[in-house]
Amino acid sequence: MNRTIGSILMVIGIAMLVWTGFSYTKKEKIVDAGPIQISADREKSVNWPPYAGGIILIAGAVVFVTSRKK
């Protein structure tokens with residue numbers, strides 16, 4: 001079980017190192033006055049620091065190596 005968790009953490013860590021964030025589009029209402037509605041598309045972004053991926057990668061490697069094989 002610990003080897004699986006370690007492997008998953010390593011994959012997530014590598015992915016976080018490769019992709020340091022993502023962006024998405026959200027539709028927001030600007031004016032809502034009865035039958036008149038005005039909306040706009042706003043681009044939002046989610047970013048994380050690269051060292052977060054490195055920490056998760058190292059933690060996954062430690063869990064993977066220290067797990068006992070039964």
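The chain carries 9 positive and 4 negative side chains, and the centres of the two sets are 23 Å apart. In this count Lys and Arg are positive and Asp and Glu negative, with His and the chain ends not counted; each charge is placed at NZ of Lys, CZ of Arg, CG of Asp or CD of Glu. The model is a predicted one, in which local features need pLDDT of at least 70, side-chain atom pairs count only at pLDDT 80 or more, and totals for chains, interfaces and linings use all residues. Residues are numbered from 1 along each chain as its sequence is written, and side-chain values use heavy atoms, with hydrogens and water left out.

The mean pLDDT (the predictor's confidence in each residue, from 0 to 100) is 89 for the chain, and 97% of its residues reach 70 or more. Confidence is lowest in strand β1 (residues 21-33), with a mean of 88, and highest in helix α2 (residues 50-66), with 93.

Two helices and two strands make up the secondary structure of the chain, in the sequence order α-β-β-α. The radius of gyration is 20 Å, well over the 11 Å that the globule rule gives for 70 residues, so the chain is more spread out than a compact globule. Helices (H or I, at least four residues) and strands (E, at least two) are DSSP runs numbered from the N terminus; the radius of gyration is taken over C-alpha atoms, and the globule rule is 2.2 Å times the number of residues to the power 0.38. The C-alpha trace spans about 65 × 25 × 10 Å along its principal axes.

Of the 70 residues, 11% count as buried, where buried means under 20% relative accessible area, exposed over 50%, and partly exposed in between (1.4 Å probe, protein chains only). The chain exposes about 5700 Å², of which carbon and sulfur atoms supply 64%; accessible areas come from the Shrake-Rupley method with a 1.4 Å probe, and for residues only the protein chains shown count as cover. Among contacts (heavy atoms within 4.5 Å) between residues at least 6 apart in sequence, 54% join residues at least 24 apart.

I5 is found in helix α1 and is partly exposed, at 36% relative accessibility. Its C-alpha lies 7.3 Å from that of G60, although I5 and G60 are 55 residues apart in sequence. V18, also in helix α1, counts as exposed at 55% relative accessibility; V18 and G53 are separated by 35 residues in sequence and by 8.7 Å between C-alpha atoms.

F64 is placed in helix α2 and is partly exposed, with 27% relative accessibility. Not counting residues up to four places away in sequence, F64 touches R3, G6, S7 and M10. F64 and L9 are 55 residues apart in sequence, with 9.1 Å between their C-alpha atoms. S67 follows in the segment after α2 and counts as buried, at 11% relative accessibility. Leaving aside neighbours within four places in sequence, S67 is in contact with N2 and R3.

A33 lies in strand β1 and is partly exposed, with a relative accessible area of 45%. A33 and I56 are 23 residues apart in sequence, and their C-alpha atoms are 48 Å apart in space.
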